[in-house]
Amino acid sequence: MIGVYAGVSVKPEHVEEFLKTIEPLVTASRQDEGNVSYDFGAVSDTDFAFIERWESQELLEKHMGAEHFQKAVAAWEPLLSSELDVRIVNSGTFVYHPWRRAQLLAARLYARSSGVPNRPPPNQA
């Protein structure tokens, strides 16, 4: 079983446009082979999260290659205020998606220096 948490931060002026893409994506994704659950919700006015469960990594990757997923991600590109924050949990092992490698390294270095395991570094403003 694979778990996915995907955090999305949207530019305030694009929230309505972003939300229009969600229903088609969620509806189609729930029909994808291997989908156990696919949920979406608001964290704040501009931050949102997808929480998903998949039968296997292969079926998750198939979903990520599906037309409805690719279409949504392409539509989001100009709407987002930061990169997608995708975290994948597989059999109890937490894995950042490949585009998050730098953050994972920073979190490891922070954990070593602070003695606090598995906690990302605080925001540096």
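pLDDT is the predictor's confidence in each residue, on a scale from 0 to 100. Helices (H or I, at least four residues) and strands (E, at least two) are DSSP runs, numbered from the N terminus. The structure is a predicted model, so local features need pLDDT of at least 70 and side-chain atom pairs count only at pLDDT 80 or more, while totals for chains, interfaces and linings use all residues. Residues are numbered from 1 along each chain as its sequence is written, and side-chain values use heavy atoms, with hydrogens and water left out.

Confidence first. The mean pLDDT of the protein is 82, with 72% of its residues at 70 or more. Among the elements, helix 1 has the highest mean pLDDT (98), and helix 5 (residues 101-114) sits at the other end with the lowest (48). Over residues 99-106 the pLDDT stays under 50, and the model gives that stretch 12 contacts (heavy atoms within 4.5 Å) beyond four places in sequence. Residues 116-125 are also below 50, with 12 contacts in the model beyond near neighbours in sequence. Where pLDDT is low, the predicted coordinates should not be read in detail.

Now the aromatic rings. The structure holds 8 aromatic pairs. Rings of Phe, Tyr and Trp (its six-membered ring) pair if their centres lie within 6.5 Å; planes under 30 degrees apart count as stacked, over 60 as edge-to-face and the rest as tilted. Phenylalanine 18 and phenylalanine 40 make a tilted pair, 6.2 Å centre to centre with 50° between the planes. Since phenylalanine 18 belongs to helix 1 (residues 15-19) and phenylalanine 40 to strand 2 (residues 35-42), this pair ties together parts that are 22 residues apart in sequence. Phenylalanine 18 is buried at 0% relative accessible area (buried means under 20%, exposed over 50%, partly exposed in between, with a 1.4 Å probe and protein chains only), whereas phenylalanine 40 is partly exposed at 27%.

Tyrosine 38 and tryptophan 54 form an edge-to-face pair, because their ring centres are 6.3 Å apart and their planes meet at 85°. Here the link runs from strand 2 to strand 3 (residues 47-54), parts 16 residues apart in sequence. Tyrosine 38 is buried at 2% relative accessibility, and tryptophan 54 is buried at 0%. Ring pairs join Phe18, Tyr38, Phe40, Phe48, Phe50, Trp54 and Trp76 into a cluster.

Valine 8, in strand 1 (residues 2-9), is buried with a relative accessible area of 2%. Not counting residues up to four places away in sequence, valine 8 touches Phe18, Thr46, Asp47, Phe48, Phe50, Leu80 and Leu84. The C-alpha atoms of valine 8 and phenylalanine 48 are 5.1 Å apart, although 40 residues separate them along the chain.
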